Amino acid sequence: AAAYKGLAGLLMKRGGRDFISGTPIDLNTYFDKAIDIHHIFPVDWIEDQQPRERWNSVVNKAPLAASTNRYIGGEAPSVYLAKIEKNKKVPTEALNEHLESHLIPATLLRTNDFQGFLCARATALLDLIEDATGKVITGRDSEECIQAFGQSLLVEGA
């Protein structure tokens, strides 16, 4: 729980926005809009496709309003994103910006590419933690990391 809340705090600090409303998730909206940590790839959609330790990790979670989480439901990301654009009248570019404000790679989410998403977002979150702490996170190419993510999380040329 502490890891989720710590990362949620860092994402809020960097300007994380609600997927539908685009409202910045900050201290005021945190309580006012019932912000909580929710799955990006919904459990109902992903649980039979990936091991629990991957889809239930902090990498697949973001702070969102309870109403947004209910609207997303258990559908594939490509489906719920299209539904947000059509029914909630959120332009594609704006929705992509809302996703990117959480370090969510929009293209990978729109194509339901969980493996690509997992590695890209894990790398971005590690970078965010490094920036916040001023310390280098080692082990991005360790056997444990490769086993957990299916590949090294080292960025080429870094």
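Me: How do the residues lining the largest pocket divide into nonpolar, polar and charged?

Reply: Let's sort out the words first: on a 1 Å grid over the protein atoms alone, a pocket is an open set of points with protein on both sides within 12 Å along at least five of seven lines, a cavity is a set of points where a 1.4 Å probe fits but cannot get out, and lining residues have an atom within 4 Å of a point. Ala, Val, Leu, Ile, Met, Phe, Trp, Tyr, Cys and Pro count as nonpolar, Asp, Glu, Lys and Arg as charged, and the others, Gly among them, as polar. On that basis the lining of the largest pocket divides into 12 nonpolar, 3 polar and 2 charged.

Me: What is the volume of the largest pocket?

Reply: A word on the model first: it is predicted, so local features need pLDDT of at least 70 and side-chain atom pairs count only at pLDDT 80 or more, while totals for chains, interfaces and linings use all residues. Residues are numbered from 1 along each chain as its sequence is written, and side-chain values use heavy atoms, with hydrogens and water left out. Grid points are joined across faces, edges and corners, and a volume is the space filled by probe spheres set on the points. For the largest pocket, the volume is about 220 Å³.

Me: Which residues lie nearest the centre of the largest pocket, and which elements give two or more residues to its lining?

Reply: The lining has 17 residues, and those nearest the centre are Ala122, Leu126, Cys145, Phe149 and Leu153. Helices and strands here are DSSP runs numbered from the N terminus (helices H or I, at least four residues; strands E, at least two). The elements giving two or more residues to this lining are helix H9 (114–133) and helix H10 (143–149).

Me: Which element gives the most residues to the lining of the largest cavity?

Reply: The count comes to 1 cavity of 30 Å³ or more, and about 50 Å³ of space lies in the largest cavity. Its lining divides into 9 nonpolar, no polar and 2 charged residues, and includes Tyr4, Leu7, Ile37, Lys61 and Arg121. At least two lining residues come from each of helix H1 (2–13), strand S2 (61–65) and H9. The element that gives the most, with 4 residues, is H1.

Me: Why do the buried residues of H6 line one face of the helix?

Reply: Buried means under 20% relative accessible area, exposed over 50% and partly exposed in between (1.4 Å probe, protein chains only). In H6 (residues 77–87), the buried residues are Pro77, Tyr80, Leu81, Ile84 and Glu85. Taking the directions from the helix axis to the C-beta atoms, they line one face because, seen down the axis, they fall within an arc of 140 degrees.

Me: Which helices do the buried residues of H6 pack against?

Reply: Contact here means heavy atoms within 4.5 Å. The partners of these buried residues are helix H3 (43–46), helix H5 (66–72), helix H7 (92–100) and helix H8 (106–110).

Me: Is Lys89 buried or exposed?

Reply: Lys89 sits in the loop between H6 and H7. Its phi is near 55 degrees, a positive value in a residue other than glycine. With a relative accessible area of 66%, Lys89 is exposed.

Me: Which residues do ring pairs link into a cluster?

Reply: Rings of Phe, Tyr and Trp (its six-membered ring) pair if their centres lie within 6.5 Å, with planes under 30 degrees apart counted as stacked, over 60 as edge-to-face and the rest as tilted; the count comes to 4 aromatic pairs. Phe41 and Phe117 form a tilted pair, 4.9 Å centre to centre with 50 degrees between the planes, linking parts of the chain 76 residues apart. Phe114 and Phe117, both buried, are also tilted, at 6.0 Å and 40 degrees. The cluster linked by ring pairs is Phe41, Trp45, Phe114 and Phe117.

Me: Which residues does Asn112 touch, not counting residues up to four places away in sequence?

Reply: Asn112 is in the loop between H8 and H9, and its phi is near 60 degrees, a positive value in a residue other than glycine. At 22% relative accessibility, Asn112 counts as partly exposed. The residues that Asn112 touches are Phe41, Trp45, Ala76, Pro77 and Ser78.
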